[in-house]
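Thanks for coming. I will go through domain packing and then the chain interface, and keep to computed values.

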Amino acid sequence: MAEPDDQKLDLPIREYLDRAFDERRRLGMLTGTGTDRDFLRAVAAQGWFSLAIPESYGGLGLPLADLAPVFAALGEYLVPGPIVENCVLPSLLVERASAEGRSALLATVEDGAPVGLVAPHTGSTWADQLGSVRCTDGKLDGEMSLVRFGEQAELLVVVANDERTVCLVDPRTDGVIVVADGKGDPGSSTATVRFRGASILGGPAAEGRSAVALAAEIRGWMRMLVGCYLAGVARWSFDQTLTYVQQRQQFGRPIGSFQAVQHIVADMYASTRSLENMCAAAAEDLRDASPQAVDLRAACLKAYAAESARRVCENAIQMHGGIGYTFELSLHWYYEHALALRSWFGDERDLEREIGFAVLAGGAARNTTTQEVAG
Amino acid sequence: MIELETFRGEARKWFADQNLPVVPLDIDGRFEVLRAWQRTLFESGWLGISWSTEVGGRGLSPVHQLVFNEELVRARAPQPIGLIGLEVVGRSIEHYGSDWQRRELLPRLLSGEDIWCQGFSEPEAGSDLASLRTSARDAGEDFVVSGQKVWTSWAKQAQWCALLVRTDRDAPKHKGISYLLVDMSSPGITVRPLVQMTGDEEFCEVFFDEVSVPKRNLVGEINAGWAVANHTLGSERGSYTVRRRAELEVAFDDAVAQVQSWSGGGRERVPDRVAAALGKAQIALQVLEGQTRKTIDRLVAAAGPTAEDSLDKLLLNGVEQAVFESVVDLLGPFRTAPNLAPFGLEAERWIHDHYFSRAVSIYGGTSQIQRNIIAQRILGLPRG
Ligand SMILES: Cc1cc2nc3c(=O)[nH]c(=O)nc-3n(C[C@H](O)[C@H](O)[C@H](O)COP(=O)(O)OP(=O)(O)OC[C@H]3O[C@@H](n4cnc5c(N)ncnc54)[C@H](O)[C@@H]3O)c2cc1C
């Protein structure tokens, strides 16, 4: 069977997960807060969070695009937790943050302290219900709901003033109140974060136009890497299904010999492969792309991932019949987490609109096949 | 071999210097203009780019061919008329044909002097192509062909036909098929055009009544035509998908440009539904772009036809239909009064293209057949 491109960066991560991420540990997280401080400490020690940190700050200095296969692997293993925040935010902010901010960021890289992202992170449909944060003279006011790992976070990155300020805050500071939102996703827990005159760490990391650009970069990389994670979710759900339809017998033969089943499995395969190919293409192109180029590509990738990973999970459950609906089988964990990630930074319906407006504003540049061959 | 970007630059410059032909809507007028255009392209060295020089090609790589196609499409130039010959059957003749066939037939195929059609489907053999019944009897010097083909595109205009025939009734169905090249002016051939959904008379019924075909027109071995047929179908699925991608991107860019000139570039006049439809098409095209990189890798590696071509074609079918469905959906009630151009959209074109997009999941093997191939040949699921 044809396999997606073999990638190298994800291999040590897969090996580590095979060794250290057992079912007991995973279930503990999925039925708990969606993360585990010891696990984060352990993977920090493995260097996960320093992959994209500039070499001058002790990281490997990889472009964030190179993390695509890593996140696909995390999706396959359904590793929950604030991994994407902890990989992306310190890498994007470390050079721009104030001295206090920088040392707080580097500390999270060292020991895996969860980083929370307080930013508008839904599509436009729900934007008004999410809240907003203002930053004036280094003090924060306002609130934001559905902050992933808001309660666990030991450092918050805040996108305030309609994206015209990006800053850092220590959640233990006076004037920061965190209230759990309830837990609707096995892979994360969310909270509403309120600010009542809370002081930011040092000065803002970015203001004005550069903050708008930084917020777009944050959004773009979250979309891109969550899209890759969803590709991993789809891959795992598809692989499980392919195995199952060859084993399960009904009417005296494997259910995989029925055409109705074959066509659904073929569609799952087409969705999974095309999503993986899209991730690989984006990773290739965005290695040294301008931040502006990231925005539209990542939005397209996230939109397709949101739609196709969800469909693959649903078909996986359907192809398993009753057992697919049990709590015991892991299919539902993948599905539930995929549904939560689907909406984070936009599902396909909100993104279609956003992408359409971007295209009308002249945002779509066409690749040529030679660029693709050269890449 | 000439470097790709240099080659692209030459093609781009050449198109910029051309007076592009104006293509009439009626099928006969269209045929004549596009045939003359093929001649122009041929004389300027733009056809058979990846074919060997001995048959009149340029001996460059398949990627050069793709680059040229991309420049052609982006220049808004029409495709030459003989695409079935150039892109589908010609490639199989180049690969499997005898010296005589390659030397005598391919140069005229390239220049457009000979137009080719593909006589595969029959009234009783569509998806189940291998059950075809049109037969060729051995009559010493010649084969004698009798039977009927259907949905044969451009048969009325064609000089030659790549014909699948049964040459052994007793063998298992895939093992009794041969691949013949038939001169369409041979006595005993009757062609009857059929009108398509778009209103075009593009495909035809073709009747063969005791038609003599010289034995040198057999491609490959007798009863070994199925492999050649699969090579032809592979081109109709894999490399077709890459070519079609460029056309879809340009069509979509045109739709966007039309809406932009209506809206004056601003956001205010644009309803959310319009933006969402365009966004949906853009996402679909981006999916196809990621997918075709793998196809291009296979073309570069000269991998030959594989079941992966079916994956490409299945995805193309979905993407092409999503793109035109999104655009034509914006015509809404105005589709009945296309001259009014809602949101600046040139309705007649989009209605035509949308109708044509309904055929993509039928020709070259239906989407259901591609799914069967993926399930059984890529994924190894048992036959039902
Ligand atoms: C615009 C156009 C141009 C064409 N040009 C050419 C040409 O130039 N030369 C040529 O030879 N042919 C040509 N064709 C024919 C095309 O290849 C056939 O129409 C196609 O292979 C389907 O065959 P059929 O029409 O007999 O449909 P059928 O095979 O009768 O199929 C009818 C329906 O049944 C489904 N079906 C059939 N078998 C199965 C199965 N095993 N499993 C699941 N579903 C199944 C099909 O998917 C389809 O939905 C063209 C068709 C079109 C639309």
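How far apart do the C-alpha centres of domain 1 of chain A and domain 3 of chain A lie? They lie 21 Å apart.

Some housekeeping before I go on. This is a predicted model, where local features need pLDDT of at least 70, side-chain atom pairs count only at pLDDT 80 or more, and totals for chains, interfaces and linings use all residues. Residues are numbered from 1 along each chain as its sequence is written, chains are lettered from A and ligands numbered from 1 in the order in which they are written, and side-chain values use heavy atoms, with hydrogens and water left out.

Chain A to begin with. Its division is domain 1 (4-114), domain 2 (116-206) and domain 3 (210-374), with bounds that come from an automatic or database domain assignment. UniProt, in an unreviewed entry, lists residues 34-103 of chain A as "domain: Acyl-CoA dehydrogenase/oxidase N-terminal". UniProt positions are given in the numbering used here, feature names are shortened, and annotations may be inferred rather than shown by experiment. Over residues 34-103, chain A is 50% helix and 0% strand, and the end C-alpha atoms are 26 Å apart. Helices (H or I, at least four residues) and strands (E, at least two) are DSSP runs, numbered from the N terminus.

Now the packing of domain 1 of chain A on domain 3 of chain A. Contact, meaning heavy atoms within 4.5 Å, involves 28 residues of domain 1 of chain A and 23 residues of domain 3 of chain A. The size of an interface is often given as the accessible area lost when the parts come together. Here that area is about 2300 Å², with carbon and sulfur atoms giving 74%; buried area is the accessible area (1.4 Å probe) that two parts lose on being put together, summed over both. On the domain 1 side, A:A65, A:E76 and A:L78 lose the most area to domain 3 of chain A, together 22% of what that side buries.

A:D66 forms a salt bridge with A:R287, with the closest N and O atoms 2.7 Å apart. There are also six residue pairs in polar contact across the interface of domain 1 and domain 3 of chain A, both residues at pLDDT 80 or more. A polar contact is a pair of N or O atoms within 3.5 Å; within protein, one must be able to donate a hydrogen and the other to accept it, and residues adjacent in sequence count only if both atoms are side-chain atoms.

Which elements supply the domain 1 side of chain A? α2 (23-31), α4 (68-77) and α5 (83-93) of chain A each supply at least two residues, and α4(A) gives the most, with seven. By class, that side has 20 nonpolar, two polar and six charged residues. In this scheme Ala, Val, Leu, Ile, Met, Phe, Trp, Tyr, Cys and Pro count as nonpolar, Asp, Glu, Lys and Arg as charged, and the others, Gly among them, as polar.

On to chain B, which is assigned domain 1 (4-111), domain 2 (116-223) and domain 3 (227-378). The C-alpha centres of domain 1 of chain B and domain 3 of chain B are separated by 22 Å. In contact are 17 residues of domain 1 of chain B and 17 residues of domain 3 of chain B. These two domains bury about 1600 Å² between them, 65% of it on carbon and sulfur atoms. The salt bridge count between them is three, and B:R243 forms a salt bridge with B:E87 at 3.8 Å between the closest N and O atoms. α4(B) gives the most to the domain 1 side that touches domain 3 of chain B, with eight residues.

Last, the two chains together. How much area do chain A and chain B bury between them? About 4400 Å², 63% of it on carbon and sulfur atoms. In contact are 48 residues of chain A and 52 residues of chain B. Between the chains the count is four salt bridges and eleven residue pairs in polar contact, both at pLDDT 80 or more. The side chains of A:R273 and B:E308 meet in a salt bridge, 2.9 Å from N to O. α9(A) gives the most to the side of chain A that touches chain B, with 15 residues. That side divides into 23 nonpolar, 14 polar and eleven charged residues.
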